[in-house]
Amino acid sequence: MPINGEYRGPGELPQVIPVFPLPGALLLPRGQMPLNIFEPRYLAMVDDSFRDGHRLIGMIQPDVTHSPDEEKPALFRVGCVGRITQLAESGDGRYILELTGIARFKVLEEMSVLTAYRQCKVDYFPYIDDFTARKGEDAVNREALLEMLTDFLKANNLKVDWEGIENAPNEALVNALAMMSPYGPPEKQAMLEAPDLKTRAEILIAVTEMDLAKKRTSGDPPLQ
């Protein structure tokens, strides 16, 4: 059962959540993100999320280009809340966990808190469709998506489990490829804020095509 089976709408999620600012990190609904937690403030965040019983963390990118404060950079206005669905202790003071995306949110305000980690008051209602699994996936141009993936793999000498790709529903395929894509914070944020799955796929295809065209022109070597 998808994680969103437990969350039928915004009213079932807290309005104030801990946030984990991480550049280039993209979490999407029903996507799985592995995290290696080692900073004391984020270890405390994980502990508190279990103590409070919700096991929720909001993933959000810091907006470093518009922030003079390197210690506490401004945040983008949109992130995605996830629930800790796997947790392991490394034995050396770290947590290895997996976060499963639930829904995107808009930041209403950052709270003044005593915790070392940051917390925000958020609104899920602008992304209420996130609570419905596979919403809008029939509109995705799967053929174009797979053509883009084929070109990307060929250009970078990479291989993939094509049987798994072919069996994946459009939502899982688009979101997994977006989350794993090697692009920077602006591109990741554009995919996060896409109004629907079709638009997210189109952004991913366009960004990849531009990247491949640039590499062909410049003669850059493939990804290692």
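How many aromatic pairs does a search of the whole structure find? The search finds 1. Rings of Phe, Tyr and Trp (its six-membered ring) count as a pair if their centres lie within 6.5 Å; planes under 30 degrees apart are stacked, over 60 edge-to-face, and the rest tilted.

Before you start: this is a predicted model, in which local features need pLDDT of at least 70 and side-chain atom pairs count only at pLDDT 80 or more, while totals for chains, interfaces and linings use all residues. Residues are numbered from 1 along each chain as its sequence is written, and side-chain values use heavy atoms, leaving out hydrogens and water.

**Stop 1: the ring pair.** Select F20 and Y42. Their ring centres are 4.3 Å apart and their planes meet at 35 degrees, so the pair is tilted. F20 sits in strand β1 (residues 16-21) and Y42 in helix α1 (residues 40-52), so the pair ties together parts that are 22 residues apart in sequence. Helices (H or I, at least four residues) and strands (E, at least two) are DSSP runs, numbered from the N terminus. F20 is buried at 7% relative accessible area, and Y42 is buried at 6%. Buried means under 20%, exposed over 50%, and partly exposed in between (1.4 Å probe, protein chains only).

**Stop 2: strand β1.** Of the 6 residues in β1, 5 are buried. Colour β6 (residues 118-123) next: β1 pairs with β6 in the antiparallel sense over 4 bridges. There, V19 stands opposite R118. Now show β3 (56-60). β1 pairs with β3 in the parallel sense over 3 bridges, and P21 has I60 as its bridge partner. Two strands pair if DSSP finds at least two bridges between them.

**Stop 3: the cores.** The largest nonpolar core has 43 residues. F20, L35 and M59 are among those with the most contacts inside it. A second, separate core of 16 residues includes Y7, I17, V19 and V107. Such a core is a set of buried Ala, Val, Leu, Ile, Met, Phe, Trp, Tyr and Cys residues joined through side-chain atoms within 4.5 Å.

**Stop 4: D48.** Return to helix α1, where D48 is found. D48 is buried, with a relative accessible area of 19%. A polar contact of 2.3 Å joins its side chain to that of R51. A polar contact is a pair of N or O atoms within 3.5 Å; within protein, one must be able to donate a hydrogen and the other to accept it, and residues adjacent in sequence count only if both atoms are side-chain atoms.
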